[in-house]
Amino acid sequence: MNEALTKKKIKTNRYSPFEKKKFLFVYLLIAFPVIQMAIFWFYVNLSGIALAFQDSEGNLSFASFKEVFAVVFRGRTSFGFSVPQMLGKSIFIWVSNHIVLNIVGIFSTFILTKHMIGSKFFRTCYMLPGLLGAVVFVSIMQEIYADDGVLVALAQKFDIKIPFTVIREGFLGSEKTAFPTLMIEMYVWNLAAGGLILSGAYMRIPQEIFESASLDGCGFFREAFSIAVPCVWPTLSTIMIFSLCSFFTADYTMYLYSNGTGARGMNSIGFYMYYLQLQIRDGNTKLYSYASAFGVTLTLMTLPVVLFGRKILTKFIETVEF
């Protein structure tokens, strides 16, 4: 017993007074992010959640949740947006962006790590659009899609048949072409989604493994499926788990493309959350509780999806250590 107490005392006093003085600097470094998290995460989120259970006078009320459920069962918001259509678009965007494009991005990024001719050029082309701010990028693309933009001019020059509504109003001027145009844009620009993170994970794989596999007659797809993906699976699964958080709220900057109106089918659940904030900013303070209740409801819907997805993804492929 005495021997155990002595060892514990020695363990707690293993730092000299000079070393303990250095701890102050470390504690100060840690204090800043802790204070930030306490204010901008705990305080803001708890305050937002509390609004869902209050009325306009600050009294305890569940009226906001009743309004959210009424909107869901009615299928249409008080602003005229269709809930099933917005939810369907959000899920479609999520599947397209995080399933289809991620699968393509896994292999396109792997190809770029093979040091093929022009790989650095293509990697730069994929990364450059991400350096532009969303507002700047959308402004550029809106000019390109306009009735007097580059795409319409090229179509007319090469006698490519396009709908008359596109010639008159541009690609974003019609409900039939606006959403498909944004989805095509998403596929083009997000083809190498997560490429920067994945390329770093690929580069960590010892090249001797690929050299040995090549000597055994292993082809490209076998390298990708049997070696590369299992080796980067912890990184890949983490990206996919985080992406599940936006399963119901996925959005592709429709708020900016529609100038905050959601017109011509450019709306989703993610857009609707931005739209509610715009209405609150314009003075409709009664929406505070409703917007908070809507967010809490989406969180409760997303939580089981994230937990189930995490359970599946962590057991789908055995982690490879190297």
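Q: Which residues does tyrosine 257 touch, not counting those up to four places away in sequence?
A: Contact means heavy atoms within 4.5 Å. In this predicted model, Tyr257 touches Phe137, Val138, Met141, Gln142, Tyr145, Leu172, Leu182, Glu185, Tyr252 and Met266. Residues are numbered from 1 along each chain as its sequence is written. Local features need pLDDT of at least 70, and side-chain atom pairs count only at pLDDT 80 or more, while totals for chains, interfaces and linings use all residues; side-chain values use heavy atoms, without hydrogens and water.

Q: Which members of the largest nonpolar core touch the most other members?
A: In soluble globular proteins, nonpolar side chains tend to be buried together. A nonpolar core is a set of buried Ala, Val, Leu, Ile, Met, Phe, Trp, Tyr and Cys residues joined through side-chain atoms within 4.5 Å; buried means under 20% relative accessible area with a 1.4 Å probe, protein chains only. Here the largest core has 66 residues, and Leu182, Met183, Tyr202, Tyr257 and Tyr290 touch the most other members. Helix 16 (residues 287-316) gives this core its largest share, 9 residues.

Q: How do helix 4 and helix 9 pack?
A: Two packed helices are described by the angle between their axes and the distance between the axes. Helix 4 (residues 83-112) and helix 9 (residues 175-189) pack at about 20 degrees, with axes 11 Å apart. The two are therefore roughly parallel, a term for angles under 35 degrees. From helix 4, Lys89, Phe92, Ile93, Ser96, Asn97, Val100 and Leu101 make the contact, and from helix 9, Phe179, Met183, Met186 and Tyr187.

Q: How many helices and strands are there?
A: The protein has 16 helices and 0 strands, counted as DSSP runs (H or I, at least four residues, for helices; E, at least two, for strands).

Conventions:
Buried < 20%, exposed > 50% of the residue type's maximum accessible area, 1.4 Å probe, protein only. Axes fitted to C-alpha atoms, helices over the stretch in contact; angles between N-to-C directions. Parallel < 35°, antiparallel > 145°, perpendicular 65-115°, else oblique.
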